Amino acid sequence: DRALPIAVKSSSVHSRLRLCNKLTELMLSLKLYEEALEFAQTALDISITLGERLNERVAYHRLASLYHCLDQYELAEHYYLKTLTLCPTPLLFDEETLYYVRVYRTLGDIIFYDLKDPFDAAGYYHLALAAAMDLGNKRSQLQLCTRLATIYHNFLEDRELSLFFYQKARAFAAELNVRRINISPDQQYSSASQYKTTRQ
């Protein structure tokens, strides 16, 4: 807090950006989400002014995470999608594809568990699955196929697609030596509440 006014006075834009990023991370770790928003927004504004797309993407991601923690799901979705628009195309590295998997899965979780929209959630899970297939990540494919089987079986009532994803999940489970696959909605919602508890 004391360093930031000095950076502003000295017109050191890059120092100000670094400090805003550090303060955002600190406030996030302390669960002071409202306070973190101010620094995250300033970091985004500076990144846009400097035209630094990587810093801009990081700032959008932090804002998305903060709004998610604050249960402002529409804003979280908006900022996660903004991060994806700044990802390089085509994807050159496995880390970039893994980022797509994680963000699309997070978006699916927000839409499914928080906004209770299984149809739109399925769309995000499909995108996450496509990225996981490109990456060859079998554990992610198992989790996403299970999630899609659950949605199609319990919510969208498409038995054909439910069976398709359940069979794919069973094949991945056998390969990875996972003993049991549960596609009941109660189990899925229980997993989500545990995920939210650990995230917060």
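This is a predicted model: local features need pLDDT of at least 70, side-chain atom pairs count only at pLDDT 80 or more; totals for chains, interfaces and linings use all residues.

Q: What describes a pair of aromatic rings?

A: You go by the distance of the centres and the angle of the planes. Here, ring centres within 6.5 Å make a pair, and by this rule the count comes to eight aromatic pairs. Take Y100 and Y104: their ring centres are 5.8 Å apart and the planes sit at 55°, so this pair is tilted.

Q: Where do Y100 and Y104 lie?

A: Both belong to helix α6 (residues 94-114), four residues apart, which is about one turn of the helix. Y100 is buried at 14% relative accessibility, and Y104 is buried too, at 13%.

Q: Which geometry do F112 and F155 show?

A: Edge-to-face, with 5.2 Å centre to centre and 85° between the planes. F112 is in helix α6 while F155 is in the loop between α8 (138-154) and α9 (159-176), so the pair ties together parts 43 residues apart in sequence.

Q: And F155, is that one buried or partly exposed?

A: F155 is partly exposed, because its relative accessible area is 30%.

Q: Which residues do ring pairs link into a cluster?

A: Y60, Y67 and Y79.

Q: What sits over the ring of Y99?

A: That's the charged end of R57, 5.3 Å from the ring centre.

Conventions
Residues are numbered from 1 along each chain as its sequence is written. Side-chain values use heavy atoms; hydrogens and water are left out. Rings of Phe, Tyr and Trp (its six-membered ring) pair if their centres lie within 6.5 Å; planes under 30 degrees apart count as stacked, over 60 as edge-to-face and the rest as tilted. Helices (H or I, at least four residues) and strands (E, at least two) are DSSP runs, numbered from the N terminus. Buried means under 20% relative accessible area, exposed over 50%, partly exposed in between (1.4 Å probe, protein chains only). A charge sits over a ring if NZ of Lys or CZ of Arg is within 6 Å of the ring centre and within 35 degrees of the ring normal.
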